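These are my notebook entries on what I looked up in this model, entry by entry.

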Amino acid sequence: MTGNNLTNKKISLSPSALYGWLGDRIFAYGIFILGFIVIFTTIAMAVSLYFSGTEAISKFGFFGFMTGRVWDAAISMEFGTWPFIVGTLVTSLAALALSFLPAVAIAIFTAEYAPKWLGYIIENLVNLIAAVPSVVIGIWGIFIFTPWVRDSVYMPVYLWSLENAPTLTPILGNPAGYGMLTATIILTIMIIPFTTALACDSFRMVPKEQREAASALGATKWEVIRMAVIPYSRGGILAGAMLSLGRAIGETMAVAMLIGNKNTLPFTIFGPGSTMASVIVNEFREAVENIHLASLMAVGFYLFLISLVVNLVAAWIQRKYAITGGRAV
Amino acid sequence: MISLRRRYIRDNIMLSLIILNTIVILIPLFIIIVYVIAKGFDALSIDLFTKELGSPTRAMMGEPTGLVHTMLGTIVVDLIAVLIAIPFGVGAGVMLSEYPDHWANPVLRVLNDTLNGMPAVLKGLLAFTLVVKPMGTFSGLSGGVALAFVMFPIIARATESALMNIPWSIREAGLAIGLPRWRVILSTIIPAAKVGLVTGFLIAFARAAGEAAPLVFTSFGNNYLPIKWTGWFTGPVDTLPQRLYNLAISPYEHWHDMGWAAAIVLLAVIIASFIIARFVIRDKK
């Protein structure tokens with residue numbers, strides 16, 4: 001009888017509520033609160049940029065501010081973000097166009113051709129280069145790249161066009177070294193490793209059977225890659241390219257150091273320009289007038305919108321081609 | 001129908017183009033790193049780690065200047081950022097992987113990735129409106145918050161994929177012996193996914209440690225050590241990437257050299273965390 005009671009007691013010894021169901025509730029709600037704060041941070045970014053910039057947006061109008069071509073923080077206090085939108089889109093799209101094929105080719109070599117040890121080295125090297133901070137690339141650009149490219153490329157081309165093709169000169173612009181082309185090249189250098197790493201990942205996700213099937217049909221190595229590997233991984237590659245574009249659009253320090261910072265259209269190939277991110281970082285600390293500060297915040301809001309579109313398109317591409325998994329870079 | 005011979009020729013042409021491209025692109029990229037390291041080594045000195053920067057005249061008069069306040073400031077700001085980012089990042093990651101049925105998860109996943117893809121300047125602007133404006137001053141705290149915004153989306157993504165790699169049977173085993181869910185997560189899942197989590201922290205740290213854009217208008221920069229210790233949190237603080245930017249665009253020759261030295265220190269920090277993440281931890285698995 002007593003023994004029976006004892007075993008009953010032992011079995012019915014349930015853990016305390018705090019340990020059991022209550023603990024579960026507390027833990028789950030704690031986690032949900034943390035998760036919701038992450039959600040609200042993103043929303044807060046959009047809302048705070050909009051409301052900080054609302055003075056400028058309401059004064060010049062949503063589209064008026066977007067398409068305004070004058071950015072005058074000294075006399076007329078008139079602000080429009082069009083020059084910066086143009087600068088951002090031109091430099092980052094050009095950088096994407098320049099970097100896409102070389103980056104994918106490196107990824108093909110790493111994932112398909114290279115022996116395992118070499119692929120391992122290249123992959124780590126690429127990831128290492130991707131981790132170099134943009135200020136470090138910037139200081140290299142200011143002291144090494146810009147003087148070199150000015151003396152050995154820009155000046156000869158400019159002098160040649162002065163003599164032989166005078167119509168070209170205004171398009172080329174001032175060959176001072178700091179300008180749109182320099183910024184584009186630096187952006188290209190910075191996003192190549194990023195595109196390569198993402199493309200490599202999606203090549204690695206192609207099943208072995210896919211390659212074997214193509215080989216069994218008598219395809220050469222290149223034909224296997226072209227017909228079986230690339231079509232299978234194109235979603236990952238394109239999504240990676242969109243993410244790289246997003247990187248290029250948001251790249252701030254290296255561009256601010258090398259683009260020359262000119263606020264008025266038209267921009268020329270060699271001549272100075274400006275991007276949305278670079279104007280924010282250059283002028284924010286010196287913005288005294290309220291309307292100037294609000295305008296910079298509004299530029300940030302438009303930058304947010306552009307990045308949002310690019311990111312959502314990348315997510316959509318990835319979803320559409322449904323290669324599962326993501327990468328936290 | 002193309003003959004077999006021409007197909008082989010095309011095969012070889014493509015292979016040589018790809019190899020040529022790889023060599024032509026990768027070697028210059030590697031040379032940039034080597035160049036920065038070589039140039040930075042020449043500029044390193046003991047003064048760099050023991051003296052403050054001071055005014056530009058100090059450098060022009062040839063007096064010893066250094067970046068000790070910058071190094072300490074970087075440690076303070078990065079530490080604040082890590083302390084803020086880890087709970088939120090891990091929390092969001094746990095929510096995504098351990099409570100997969102929660103209705104907010106699709107939203108969280110999309111918004112977390114969106115935040116990750118947002119330019120770092122905008123994270124700085126957010127920290128400016130959330131922290132600098134209410135405090136009324138640029139501060140180390142706001143710099144830490146700005147860098148935390150850079151870190152936690154990366155940590156969340158890394159946590160999610162690390163926890164997803166743990167098979168469901170382990171969770172079921174834990175639940176079957178009567179552990180409550182929180183205990184299963186804290187004592188079996190997270191220890192099992194430790195390697196992935198720490199790698200994620202290090203990658204996030206490496207990414208945030210190099211960001212200058214959000215710090216320019218949050219921690220602002222400072223040429224001197226703060227007078228009181230609270231100055232690290234409530235006053236303007238110098239950090240390596242932001243100081244590197246200011247040195248590089250300054251007109252003083254001596255400061256340019258110091259910029260190279262700052263570059264190599266920054267690069268060393270980032271390469272160190274990169275190597276720990278990629279090789280040291282991975283081998284322990």
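I looked up the neighbours of B:Glu98 and found that this residue touches B:Leu163, B:Arg171, B:Arg181, B:Ile185 and B:Ile189, where contact means heavy atoms within 4.5 Å and residues up to four places away in sequence are not counted. Before going further I noted that this is a predicted model, in which local features need pLDDT of at least 70 and side-chain atom pairs count only at pLDDT 80 or more, while totals for chains, interfaces and linings use all residues. I also noted that residues are numbered from 1 along each chain as its sequence is written, that chains are lettered from A and ligands numbered from 1 in the order in which they are written, and that side-chain values use heavy atoms, with hydrogens and water left out.

B:Glu98 belongs to helix 4 (residues 68-98) of chain B; helices here are DSSP runs of H or I with at least four residues, numbered from the N terminus. The residue is buried, with a relative accessible area of 3%, the term buried standing for under 20% relative accessible area with a 1.4 Å probe and protein chains only. Its side chain makes a polar contact of 2.7 Å with the side chain of B:Arg171, a polar contact being a pair of N or O atoms within 3.5 Å, of which, within protein, one must be able to donate a hydrogen and the other to accept it, and residues adjacent in sequence count only if both atoms are side-chain atoms. I also checked B:Trp182, which is 84 residues from B:Glu98 along the chain, and the two C-alpha atoms are separated by 9.9 Å.

Next I turned to helix 13 (residues 240-248) of chain B, where nine of the nine residues are buried, so this helix is largely enclosed by the rest of the structure. Among its buried residues I listed B:Gln242, B:Arg243 and B:Asn246.

My next entry concerns the nonpolar cores, each a set of buried Ala, Val, Leu, Ile, Met, Phe, Trp, Tyr and Cys residues joined through side-chain atoms within 4.5 Å. The largest has 177 residues, and those with the most contacts inside it are A:Phe65 and A:Ile280. Helix 14 (residues 290-321) of chain A supplies the largest share of this core, 14 residues. Domain 1 (4-43) and domain 2 (49-284) of chain B both give residues to this core, so it lies between them; the domain bounds come from an automatic or database domain assignment. I found that A:Ile280 touches residues of both chains, including A:Leu296, A:Leu303, B:Val121 and B:Phe217.

What does chain A share with chain B, and how many residues are in contact? I recorded 77 residues of chain A in contact with 84 residues of chain B. The area buried between them is about 7,500 Å², of which carbon and sulfur atoms give 79%, buried area being the accessible area (1.4 Å probe) that two parts lose on being put together, summed over both. The count of salt bridges is one, namely A:Glu223 with B:Arg7, whose closest N and O atoms are 2.9 Å apart; the rule asks for a side-chain nitrogen of Lys or Arg within 4 Å of a carboxyl oxygen of Asp or Glu.

Last, I looked between the two domains of chain B, where the buried area is about 620 Å², with 90% from carbon and sulfur atoms. In domain 1, B:Val36, B:Lys39 and B:Ala43 lose the most area to domain 2, together 57% of what that side buries.

Note on methods
Buried < 20%, exposed > 50% of the residue type's maximum accessible area, 1.4 Å probe, protein only. Helix = DSSP H or I, 4+ residues; strand = E, 2+ residues; numbered from the N terminus.
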